[in-house]
Amino acid sequence: MPDDVLADLRAAAGGDRARPGGAGDAVAGVQPRYVAAPGSTEEATALLRVAAARHLAVVVTGAGTRQDWAGPPQRLDLLLHTGRLTGVVEHAAGDLIVVVRAGTAMVDLQAKLAPAGQQLALDTPLPPGAAATIGGVVATNASGPRRMRYGTVRDLLIGITVVRPDGVVARAGGKVVKNVAGYDLGKLFTGAYGTLGLVTECAFRLHPLPAARTFLTRRTADAAGTGRLAAAVLASQLVPSALEVDAAPDGGTEIAVLLEGTARGVRERAAAGVALLGGATAADEPPHWWSSYPWRPGDVGLKLTTVLSGVPRLLAAVGKAARRHRVPLAVRGSAGTGVLYGGLPAATAPELAARIVTELRAEAGTAGGHLVVLTAPPAVRERIDLWGPVEGLDLMRRVKAQFDPEARFAPGRFVGGI
């Protein structure tokens with residue numbers, strides 16, 4: 001029997017750019033009926049108009065590096081792949097601005113910018129060999145160690161082109177003074193996990209590549225010692241680009257400081273930093289754990305936030321939980337911004353993992369922050385609320401209803417079942 005929906009999708013995308021979904025296309029265990037790969041904003045518009053007319057539930061994917069984050073979609077009819085939405089649209093080197101398509105890999109964008117001595121100052125943590133796309137980084141608001149100096153995705157994103165669930169194109173920021181809806185689309189779509197529409201292009205503010213950089217590392221005895229060193233760095237004139245900490249399951253803790261700038265300036269600040277940290281090691285390359293998550297595929301991955309003064313307390317709480325429950329619980333992240341990541345092995349009993357999440361969520365809340373479960377095995381997901389209590393949930397639901405009144409885009413993936 002002819003598949004009228006597939007025929008419509010192929011007419012919109014062109015030929016074999018739309019196909020039936022398979023087991024290898026599953027998102028968090030949910031297999032799509034169809035997969036389509038638009039090559040332009042116009043093709044994406046045509047596809048989403050078909051999806052709207054056919055009432056198809058849609059999920060967007062890029063490289064899939066964070067596809068196991070968030071909840072599984074409640075239903076999935078059409079998987080939109082951004083693998084053909086690639087390339088730099090415009091690079092205004094004199095203005096330090098780049099416009100890039102959402103399916104472009106971060107590593108490819110940096111390679112394009114480097115000859116001009118420029119960079120997009122986002123270093124998103126990833127497993128070795130993984131290549132996140134621009135759209136995926138925006139969707140998950142993924143920012144790495146240098147967020148301390150350069151800010152997060154929200155700070156660097158200055159313009160965006162999106163296709164709404166009804167197939168209407170919307171643009172904001174960049175060369176547009178104001179979008180007619182009155183929304184700051186860039187900030188709304190950043191960290192929305194693809195629940196508001198499809199991002200096709202992004203405009204970013206760039207920074208010059210530093211002439212030199214040095215990493216200072218030092219082992220510490222415990223969380224209190226880490227806190228004292230971090231406070232000393234923050235109160236000093238070192239002006240670090242990043243201040244990271246790694247607390248391994250075996251109890252070893254290490255603090256690392258990234259210094260960037262002119263060769264002479266970095267050299268002088270590095271000498272001061274070695275003295276300040278009491279015998280730190282200086283190197284051109286980062287420690288092996290730098291800008292990576294403390295978990296492997298299939299593990300439980302946590303994001304913990306706190307005010308800066310709460311970092312030592314939260315590190316200590318993680319250590320106590322690991323000893324109390326006798327599990328190898330690792331944590332690493334930014335002592336300069338209060339954003340930490342924790343990892344529990346996949347073999348951890350689901351009930352125990354849920355108990356640890358509950359305890360650490362309470363500790364993070366006491367420390368002025370929050371805990372989100374980014375990824376976890378299905379048996380753990382069933383026992384916990386991945387997001388925990390979130391302020392402004394009613395407002396978020398109203399925004400979702402404005403952009404996606406039929407709740408067809410990534411249904412159930414985001415906080416509160418959005």
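This report looks at one helix and some salt bridges in a predicted model.

Let's start with α9, which runs over residues 263–276. Its 14 residues reach 20 Å from the first C-alpha to the last, close to the 20 Å expected at 1.5 Å a residue. Tucked away in this helix are Gly265, Val266, Arg269, Ala270 and Gly273, which are buried. Viewed down the axis of α9, the buried residues fall within an arc of 130°, so they line one face of the helix. Here's the general idea: an α-helix has 3.6 residues a turn, so residues three or four places apart point the same way.

What covers that buried side? Strands β12 (212–220) and β14 (253–261) are included in the cover. Turned away from the buried side, the other face carries the exposed residues Arg264, Arg267, Ala271 and Ala275. Just after α9, Gly278 takes a positive phi of about 75°.

## Salt bridges

How many salt bridges does the structure hold? There are 19. One of them joins Arg324 and Glu359, at 2.8 Å from N to O. Arg324 sits in helix α10 and Glu359 in helix α11, so this pair ties together parts that are 35 residues apart in sequence.

Helix α11 also holds Glu351, whose partner Arg383 lies in the loop between α12 and α13. Elsewhere, salt bridges with shared partners link Asp123, Arg146, Arg149 and Glu260 into one network.

Methods. Residues numbered from 1 in each chain as written. Predicted model: local features only at pLDDT ≥ 70, side-chain atom pairs only at ≥ 80, totals over all residues. Heavy atoms only, no water. Helix = DSSP H or I, 4+ residues; strand = E, 2+ residues; numbered from the N terminus. Expected span 1.5 Å × (residues − 1). Buried < 20%, exposed > 50% of the residue type's maximum accessible area, 1.4 Å probe, protein only. Arc of directions from axis to C-beta. Contact = heavy atoms within 4.5 Å. Salt bridge = Lys/Arg side-chain N within 4 Å of Asp/Glu carboxyl O.
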